[in-house]
Every structure is written in C-alpha cells, then in structure tokens.
Amino acid sequence: MVERFLKLVIDILSTPAVLVALISLVGLIILKKPLSEIIKGTTKTFLGFLVISAGANIIVGSLDPFGQMFQHAFNVNGVVPNNEAIVAMALTEYGSTTAFIMFFGMLANILIARFTRLKFIFLTGHHTLYMACMLAVILAVSGLKGVPLIIVGSLALGLIMAAFPAICQPFMRKITGNDNVGFGHFSSLGYALSGVVGKVVGKGSRSTEDIKFPKGLGFLRDSSVTISLTMVVLYVIIALFAGPGFVEGELSGGTHYIVFSIIQGVTFAAGVFVILTGVRLVLAEIVPAFKGISTKLVPNSKPALDCPVVFPYAPNAVLIGFFCSFLGGIVGMVALGLAGAVIILPGVVPHFFTGATAGVFGNATGGVRGATIGAFANGLLITFLPVFLMPVLGDLGFASTTFSDADFAASGIVLGQVAKMFGAAGVTVTVVGLVVVAVVFGLFKRNKKTNDSNQIGA
C-alpha cells in the first residue's frame, strides 16, 4: 500500500503537466477562489500543458525531414534552433528533474525577489519550463544528481528568472512610459543589445510608427501566416536542392516533393499555433493564481510578462524586426558555413518572436535605424550563441535542434564552462555564491536607505 502511494506521488511530481496544474490549484485555493473557478483553472492549466506537448511533437515531426533534406542537399549538419523541439526531446529523459526544478525554481524566484533588489516575478510559464529543462540537462552532464541537482537547479532558475527582467527594465520604461510591468522572455540579452545599438546608431531617426506600410502587406501581421509562408519557402528551396528522387523516395512516401514540402512547412506553423494555444490556456489560469501569491509575499514586485506585451507599442517595428533578425540569421549561417562550423539555420519561430521584440526595443531608443540594425544584431546573436551552447548539452548537443534564445545559450554556456573547468562542485559554489551576493547586496542597500532616512529624520 505504501509503495503504491509513493508511486502515485512520484508519478504526479514527474509529470510536468500535473505538477503545473497543482501549482495553479494551490494558488487558487490560497486566493480563496470559488470552487467552480478552482476546478476550471486547474483543469485548463492541465489541458494547456498537454496541448503544448502535442504542439512540440508536431514541430519535431516536421523538423525531421527538413534536417534530412538539408544534410542530403548540402552535405552539412544543419541545426534549427527551436525551444519546443529540444525540450520535447529532453523531457523524455529529464522530465522528473525538470518538473522539480521548475516547481522549486518558481518558489526561489519569489524568495530572491523578496530578499534582493531584483523585484521581478517571472510569469512566462513556458519559458520557465524550457529554462528548467536546460538547467536539468547541463547540471546532470556536470555530474550533479538527485537532491543536490534539484537544489542547485532551482536556485539557478530562481536567480535567472529575477535577473534577466532587470536587464530589460530600463528599456521597458522607455517603451511603456511607466515602471509597472517587467519583461519576462529569455532572450533579454538580444533585446538589451538591440536597445543599446539603437542608442548608438539612432540619433535623429524617426520612429517606425511614422512609416506607412502598404495595405497589401497587412497579412504579415498575423504570425501564423508569416511562419507558414516563410517555412514553406524554406522547405521548397531545400527540397529543390535535395531533389525529387531523395524526397519522394526517402521521405514523402511517393507524394510529390513540392506538395510534401508545402505540407511540412504549414505543419510546422500548425505546431507553433497549437503550442501558442496551449500557452494561452496555461498562462490565462496560472498567471493570476501565481501573481496573487507573489504579490502577497513580495511587496513592490513587478510581473515579468511574455514578449507580445510590447508588440502593441510599435506594430511596424514588429515587422521590421522580424525581417531584419531573419536576415541576420542568414548572414550568420553563411559565416558559420565559411568558417567550417556547425551551421545554425535561421529558425522562423525564434527570429519572429525575438526579432519582432528586438525591433520594438531598438525603435524605442533609435527609431527606424535602431529597429533595423538592432534586430539584425539580435539575429546574429541567436545564430552564433547556440554554436557554443551545443557542446555543453551532452548527448542532446548532437540533436538536429537546440535552444534558440539568447538567455538560454548564455546561461548554458556559463554553467557548462564552469562545470568543465571546476566540475559539479564549481557549479554549486558559483550558483550559491551568486544568490548570496544578490541577497547581501539587497540587504546592504536596504540598510543604507534605512540609515539615510533615520539621519534625515534626526
């Protein structure tokens, strides 16, 4: 009987969808919501997470023939960065560890925000999952196991969730005109880079919102349409190079290679659409519950929200950013090919979301030039960083996809290199040390303000 109960507990905690639903359940109960809202919120969170997993499976299925065609056509290793795809692969082996790190990492985020100056509660649930998964992989490769792995991973996740929004906040104030909302999307380094580039190159440049786009391009504002068309073009081009014999003989089961390519391109977009639907389901329920908890526990905290929160502030910059980031990805791909390195193909999903956001950040500081050059710089950054991330991912580094956004790569590279040089003990000391420094610095600043107030009052 005891064994069966333990198995039940382990299976619940090892299933991310169930675990996140439990977080929603606990949050709604603490907020004293009516029973009907508790049931609805918990069920939708559970359903949303399963929808995300289904979408990831669709993307993985569509990426496989793309990778095979690319390798056959150019005889090179082409990697398409995609968070959903790499996480779907990693969860098969690291699902339990990821779930624990995600759960305790969210709690660590609240504690770090409570006791440091990093007053941000990261509410982008799917990126929390992705970062937890990457940390689980890298820490396991470093040699950490069991409880120490979960503790170190949770502290690292909590610190990352509080620190990266702080990097973006100066630019968020400029974009939104206030200091009420933080930014929670793990490509902060690319957005900050775009904002800095905008400051440097954008003096005197008018805002992107002063530009009038032709009405004929209005359909590109729909991300599903943009992703579909771009992926279809990429699939068809690669299929033409691979040749009808290979595609129809090895991949499509006899279906015409152009038709097959079009279907696969739109299937990729369908997977993204399914994932975004799941994300909306999850965030619509878990964010209010978790935000309610965090607001009670952490005074003066700011919710760090997903990247679409800035899109309405500069719709034209969204389109400019996407195109320029994608162009940066193509230039970076060519440069990697000439250098003989692993080729990182420009993935539509990361270049759309991060490129569009980088465009908004660049526009806020440097107008059209800032949006254009800043987003291009973001495209280069998310092309080159994954090359250095892949070697620290262990066996997962040999997959046909990898983490796409800048913060994943930067965090993984730093932790991976520390692990290579100093082993599991070095990673543990580094993570714990950074958390302690953040807490001590926060207490120091708080005490200084208190002393200053006392002196003024005297």
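Biologist: Is phenylalanine 241 buried or exposed?

Modeller: Phenylalanine 241 counts as exposed because its relative accessibility is 53%; exposed means over 50% relative accessible area, buried under 20%, and partly exposed in between, with a 1.4 Å probe and protein chains only. This is a predicted model, in which local features need pLDDT of at least 70 and side-chain atom pairs count only at pLDDT 80 or more, while totals for chains, interfaces and linings use all residues. Residues are numbered from 1 along each chain as its sequence is written, and side-chain values use heavy atoms, with hydrogens and water left out.

Biologist: Where is phenylalanine 241 found, and what is it in contact with?

Modeller: Phenylalanine 241 is in helix H8; helices (H or I, at least four residues) are DSSP runs numbered from the N terminus. Leaving aside neighbours within four places in sequence, phenylalanine 241 is in contact (heavy atoms within 4.5 Å) with Ala73 and Phe74. Histidine 72 is 169 residues apart from phenylalanine 241 in sequence, yet the C-alpha atoms are 8.6 Å apart in space.

Biologist: Turning to the largest nonpolar core, which residues touch the most other members?

Modeller: They are Met69, Phe183, Val247, Phe268, Val310 and Phe361, out of 51 residues in that core. A nonpolar core is a set of buried Ala, Val, Leu, Ile, Met, Phe, Trp, Tyr and Cys residues joined through side-chain atoms within 4.5 Å.

Biologist: Which element gives the largest share?

Modeller: H12 does, with nine residues. Among the other elements that give two or more residues are helix H3 (35–74) and helix H10 (257–297).

Biologist: What does valine 247 touch?

Modeller: Not counting residues up to four places away in sequence, valine 247 touches Met69, Ala239, Ala242, Ser252, Tyr257 and Phe260. A second, separate core has 50 residues, including Ile52 and Ile382.

Biologist: What comes after H11?

Modeller: Glycine 340 follows H11, and its phi is positive, near 75°.

Biologist: How many residues line the second largest pocket?

Modeller: The lining has 18 residues, and Ala156, Leu159, Ile160, Ala163 and Leu434 lie nearest the pocket centre. On a 1 Å grid over the protein atoms alone, a pocket is an open set of points where a 1.4 Å probe fits, with protein on both sides within 12 Å along at least five of seven lines; lining residues have an atom within 4 Å of a point.

Biologist: Which helix supplies the largest share of that lining?

Modeller: H13 supplies 10 residues, the largest share.
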